[in-house]
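Hi everyone, thanks for making time.

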2 protein chains.
Amino acid sequence: MYRSHSCGDLRLADVNKEITLSGWVQKTRDKGFMIWVDLRDRYGITQLIFDEDRTPKEVVETAKTLGREFVIQIKGTVIERESKNPNIPTGDIEILVSELTILNEAIVPPFTIEDNTDGGEDIRMKYRYLDIRRNPVKNSLLFRHQVAMLVRNYLSTEGFVEVETPYLIKSTPEGARDFVVPSRMNEGQFYALPQSPQTFKQLLMVGGMDKYFQIVKCFRDEDLRADRQPEFTQIDCEMAFVEQEDILGIFENLTRHLLKEIKGVSIADFPRMTYDEAMRTYGNDKPDIRFGMKFGELNTLAQHKDFKVFNDAELVVGIAVPGGASYTRKEIDKLIDWVKRPQVGALGMVYAKCNEDGTYKSSVDKFYDQDDLAKWASTTGAKPGDLICVLSGQTNKVRAQLSALRMELAERLGLRNPEEFAPLWVVDFPLLEWDEDTERYHAMHHPFTSPKPEDIPLLDSKPGDVRANAYDLVLNGNEIGGGSIRIHDSETQALMFDHLGFTPEEAKEQFGFLMDAFQYGAPPHGGIAFGFDRLVAILGGQETIRDFIAFPKNNSGRDVMIDSPANIDTEQLKELHIKLDL
Amino acid sequence: MYRSHSCGDLRLADVNKEITLSGWVQKTRDKGFMIWVDLRDRYGITQLIFDEDRTPKEVVETAKTLGREFVIQIKGTVIERESKNPNIPTGDIEILVSELTILNEAIVPPFTIEDNTDGGEDIRMKYRYLDIRRNPVKNSLLFRHQVAMLVRNYLSTEGFVEVETPYLIKSTPEGARDFVVPSRMNEGQFYALPQSPQTFKQLLMVGGMDKYFQIVKCFRDEDLRADRQPEFTQIDCEMAFVEQEDILGIFENLTRHLLKEIKGVSIADFPRMTYDEAMRTYGNDKPDIRFGMKFGELNTLAQHKDFKVFNDAELVVGIAVPGGASYTRKEIDKLIDWVKRPQVGALGMVYAKCNEDGTYKSSVDKFYDQDDLAKWASTTGAKPGDLICVLSGQTNKVRAQLSALRMELAERLGLRNPEEFAPLWVVDFPLLEWDEDTERYHAMHHPFTSPKPEDIPLLDSKPGDVRANAYDLVLNGNEIGGGSIRIHDSETQALMFDHLGFTPEEAKEQFGFLMDAFQYGAPPHGGIAFGFDRLVAILGGQETIRDFIAFPKNNSGRDVMIDSPANIDTEQLKELHIKLDL
């Protein structure tokens with residue numbers, strides 16, 4: 001038996017017990033006549049003491065050879081500590097060691113195994129197994145498990161059934177790029193890894209399985225933006241005989257449950273906002289509503305006043321920055337530089353200070369008088385002491401730019417408190433969005449999302465105006481979940497494929513099984529999927545998902561620890577009926 | 001709102017309630033003035049009644065158009081049934097319908113949606129979504145969920161953490177064939193799908209994560225034998241600072257917990273048997289010990305008696321078939337034909353009837369007298385009334401043949417009671433096994449399994465005799481779990497790779513990350529993995545896994561429902577830097 005207790009177990013009540021511990025040497029302090037060792041395992045740290053007067057000589061000698069991260073086993077007696085450490089649960093005791101076995105030696109690790117390590121991202125990823133020994137990563141993984149258990153038990157209690165859907169499925173041209181898997185037994189053919197279990201969960205609804213969920217890996221072969229992973233985890237859910245309201249209610253309750261259990265936070269309301277309103281008010285379909293700084297559209301106020309920049313703009317829109325009137329000229333110039341960065345892309349920024357005395361000072365005083373600026377302040381909600389920042393240009397672009405500025409300023413002003421949780425449903429998403437590259441409409445959500453029945457007549461005349469029965473759950477400015485009521489009859493599904501540019505033959509080849517299924521008695525159904533990596537990160541008070549994933553890949557999709565992907569041998573390629581095409 | 005209750009909810013206590021139900025038309029009985037409909041959903045069946053006297057005329061008219069599997073919504077009143085149906089929980093009531101909406105029509109399904117369907121395997125797989133509507137399949141999936149929840153909650157309570165390991169990993173030449181995934185971003189390189197998370201769970205142990213588990217999909221590109229799937233699910237576990245005894249103890253308790261919760265069965269003992277003993281006694285490393293019929297080796301008794309067949313054999317071995325002395329000549333001939341089938345492969349079978357009067361009658365009376373046969377009976381444990389069946393030949397082959405005969409006869413004799421559960425640990429597996437095809441030793445378990453320290457000196461002289469710290473959990477003749485104590489130092493691991501025929505360079509290229517990791521303080525560790533599909537099937541009293549998998553593949557690895565694998569277009573291949581090689 002390697003241990004009688006863990007390194008997080010022992011307390012004052014255990015004094016005088018003979019115990020056995022195993023773990024890693026976190027650090028040693030050698031005072032000659034006495035050696036202290038911090039012994040670490042998953043559960044905590046316990047201090048060991050080797051005392052020349054009380055510890056066998058050969059044990060002390062061995063203790064002197066211990067290096068960081070050696071794996072050891074000790075036997076000894078629990079004693080009360082002279083100088084207690086109130087920062088750790090075992091801080092009242094230490095172990096007077098009588099026996100010591102080195103289970104495994106360790107060479108010097110490439111970075112320190114401490115909460116604040118000296119290791120950079122790259123080296124930590126290469127030696128991820130050492131990184132996992134650090135509390136921040138270890139605790140993130142333990143936390144992820146806790147959230148997964150809460151989700152599973154909650155949904156299970158609510159009557160949901162976890163059903164495993166297949167990983168080796170079929171490639172479809174719609175949506176993101178698939179990862180594919182050549183088939184050895186079916187020459188020249190390929191499986192695809194699922195981007196989501198979408199069609200399978202719909203078939204489960206056709207199969208009468210009703211309340212389905214699954215915490216499941218999904219795959220997208222996309223060029224990786226920061227904080228995206230080629231494989232990611234979803235909480236995937238689907239229900240039959242439901243309307244949008246039913247789904248929103250159940251998943252509000254799931255979210256409430258998680259926030260209550262994990263954070264002790266009670267959420268009364270889940271406000272709702274249409275996509276249109278979110279875009280107008282926050283320039284964004286996943287607004288962070290923990291703070292204000294709402295958009296004020298200034299077209300009618302600011303145009304036709306001889307300021308050509310605004311006159312030529314499709315949209316003129318501003319926000320009020322709390323306390324921003326006190327910014328120096330230099331600070332404001334820096335802000336203007338910030339919005340001009342290629343990542344934001346604005347051409348410039350107009351501003352107006354709302355002085356404490358009720359007067360205004362703007363960068364466009366030549367064109368706008370105090371009355372004009374007072375109206376700007378009223379529209380943007382600016383108060384004395386605030387700064388109004390105004391951007392202008394093409395509507396979609398300027399909204400994105402001002403939204404980026406709003407988030408940046410909120411971050412700087414400390415308005416994005418990670419311990420505050422503000423959920424929001426964004427509803428009534430457009431069904432279709434125009435894609436410039438392919439010059440056709442794409443499904444904004446996916447091709448199985450049902451249009452609002454009253455908007456179906458617009459499909460031919462104004463496809464961009466058709467709204468979908470689709471909704472996103474936004475938490476603190478992050479989309480954590482999204483879903484829709486699905487199409488459940490083959491005619492509407494065929495109509496949808498037609499509008500997405502599929503020929504009937506293509507639709508049949510790709511999704512014939514689903515359209516067939518709809519003919520055998522498909523119930524009305526809908527669902528939602530949560531991005532589990534992000535949900536866990538946000539509940540953990542973080543914005544990046546990487547530390548909540550045990551073995552993440554880098555931005556080139558590589559696992560630098562195992563050095564994958566890698567070459568495979570010609571024999572293997574041959575069996576798979578493929579060859580390289582470099 | 002589509003329903004106020006499910007089709008399994010309503011009871012006598014609900015009489016007079018106005019309710020709304022949705023579901024599928026299971027069947028209709030039209031008596032002209034009255035129509036009954038069985039309405040089905042996931043939760044049960046409720047009888048609807050449309051009565052010309054009490055139901056609006058147009059509702060009755062619509063009801064007459066209902067076909068099987070139509071999806072409908074009804075409103076009505078719960079009334080007490082005149083002729084109650086004690087076979088279903090809702091059998092005391094029926095719904096007098098006042099409103100009826102057809103939510104979706106259905107064309108005639110290709111097989112009947114009944115417990116005993118008229119649909120064959122192929123058609124059921126093609127329309128799996130309809131098959132799932134049937135109770136046997138639906139209940140198997142619900143049962144699978146129940147078992148998964150029990151496993152997760154049990155292990156979580158025991159301090160295990162579920163950690164998601166990656167699906168896009170690296171191909172290794174060891175073990176079964178990998179499925180691979182071409183990388184678009186890393187030209188000419190490939191990921192592999194995991195055959196198991198073996199190396200990752202070991203790295204988690206090096207990372208101090210200690211008690212790990214995961215219910216996880218694994219992938220093997222093997223020619224599919226019956227009841228194997230290219231993707232399958234494991235309960236994968238690993239622990240640090242453990243010896244074999246610790247692991248056996250914990251997973252005995254998990255198995256006990258499952259049998260208790262699911263079957264109400266209490267298992268006191270988990271007997272243990274060495275691999276060697278299992279092979280000698282049952283000819284099999286996963287013996288079904290619910291019944292006897294143990295092997296009796298007859299070499300010393302049966303050889304050197306002028307019977308050339310036995311004299312030439314490496315092994316002569318028999319079993320006693322209870323009550324088999326009463327078999328007719330024809331029945332015995334059929335048994336001999338059975339062992340001669342190519343799937344079994346015996347050349348013949350010798351038998352001896354143990355008559356009730358204490359005499360013997362054998363097929364080799366020419367060579368063996370009554371005394372000889374009495375000794376056979378004593379060695380095989382045959383009693384008066386039994387039949388001794390004896391096979392002979394090359395040891396491994398004859399053991400497999402007699403094991404097959406033993407299982408077949410037990411099945412016929414009703415000795416394999418699916419409601420009786422007899423677990424068994426098989427321990428001390430050989431570390432290596434000789435492979436005729438490649439003419440070298442392969443790891444019997446996998447290359448990370450530790451040899452028994454006392455057997456390491458045999459690695460060079462008698463590699464086949466080296467025993468591993470490896471164990472299988474067998475339940476009712478099925479291997480449901482297997483694991484080992486792992487190598488945790490780089491020297492032993494290098495030695496192992498050497499004996500498996502890896503050059504040091506190959507070992508480094510394939511498993512360098514693991515050998516590196518072992519240098520940074522690897523703890524002693526070991527684990528186990530359960531085949532979840534099979535575990536669920538056996539707990540469900542079945543021997544085939546297919547109905548416990550929502551969307552299984554056929555023996556060619558095809559999903560006949562979605563018609564996958566499939567061709568992908570040239571553009572997609574080009575992006576992946578591969579072309580077909582047909």
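Let's start at His445(A), which sits in the loop between strand 19 (440–443) and helix 13 (458–461) of chain A. When I say helix or strand, I mean DSSP runs, H or I over at least four residues for helices and E over at least two for strands, numbered from the N terminus. His445(A) has 32% relative accessibility, so it counts as partly exposed. The scale here is that buried is under 20% relative accessible area, exposed is over 50%, and partly exposed is in between, with a 1.4 Å probe and protein chains only. Beyond residues up to four places away in sequence, His445(A) touches Gly482(A), Gly483(A), Ser484(A) and Arg486(A). A contact here means heavy atoms within 4.5 Å.

Quick housekeeping before I go on. This is a predicted model, where local features need pLDDT of at least 70 and side-chain atom pairs count only at pLDDT 80 or more, while totals for chains, interfaces and linings use all residues. Residues are numbered from 1 along each chain as its sequence is written, chains are lettered from A and ligands numbered from 1 in the order in which they are written, and side-chain values use heavy atoms, with hydrogens and water left out.

In an unreviewed entry, UniProt places a "binding site" feature at Glu174(A), Arg220(A), His445(A) and Arg486(A). UniProt positions are in the numbering used here, feature names are shortened, and annotations may be inferred rather than shown by experiment.

Now to Arg220(A), in the loop between strand 9 and strand 10 of chain A. Is Arg220(A) buried or partly exposed? At 33% relative accessibility, Arg220(A) is partly exposed. Its contacts, leaving aside neighbours within four places in sequence, include Ala176(A), Arg177(A), Phe179(A) and Phe232(A).

Arg220(A) also turns up in another "binding site" listing from UniProt, again an unreviewed entry, with Asp221(A), Phe532(A) and Asp533(A) among its other members. From that set, Phe532(A) is part of the lining of the largest cavity. On a 1 Å grid over the protein atoms alone, a cavity is a set of points where a 1.4 Å probe fits but cannot get out, and lining residues have an atom within 4 Å of a point.

Asp221(A) lies in the loop between strand 9 (212–219) and strand 10 (231–240) of chain A. With 2% relative accessibility, Asp221(A) counts as buried. And which residues is Asp221(A) in contact with, leaving aside its neighbours within four places in sequence? They are Arg177(A), Asp178(A) and Phe179(A), plus Arg184(B) and Leu576(B).

Asp533(A) is in helix 16 (residues 532–539) of chain A, and its relative accessible area of 4% makes it buried. Among the residues that Asp533(A) touches, not counting those up to four places away in sequence, are Arg144(A), Phe232(A) and Thr233(A). A polar atom of the Asp533(A) side chain lies 2.9 Å from the backbone nitrogen of Thr233(A).

Okay, on to the two chains together. Chain A and chain B each put 125 residues into the contact. They bury about 11,100 Å² between them, 59% of it on carbon and sulfur atoms. Buried area is the accessible area (1.4 Å probe) that two parts lose on being put together, summed over both.

How many salt bridges are there between chain A and chain B? There are 12. A salt bridge is a side-chain nitrogen of Lys or Arg within 4 Å of a carboxyl oxygen of Asp or Glu. Helix 4 (residues 135–157) of chain A gives the most to the side of chain A that touches chain B, with nine residues.

Have a look at Glu162(A). Its side chain meets Arg152(B) in a salt bridge (3.7 Å, N to O). Glu162(A) also forms a salt bridge with Arg152(A), with the closest N and O atoms 2.7 Å apart. Arg152(A) is in helix 4 of chain A and Glu162(A) in strand 6 (residues 161–162), so this pair ties together parts 10 residues apart in sequence. Arg152(A) is buried at 4% relative accessible area, and Glu162(A) is buried at 11%.

Last stop: a network of salt bridges links Glu121(A), Arg124(A), Arg128(A), Asp131(A), Arg134(A), Arg546(A) and Asp547(A).

How values were computed
On a 1 Å grid over the protein atoms alone, a cavity is a set of points where a 1.4 Å probe fits but cannot get out, and a pocket is an open set with protein on both sides within 12 Å along at least five of seven lines; lining residues have an atom within 4 Å of a point. A polar contact is a pair of N or O atoms within 3.5 Å; within protein, one must be able to donate a hydrogen and the other to accept it, and residues adjacent in sequence count only if both atoms are side-chain atoms.
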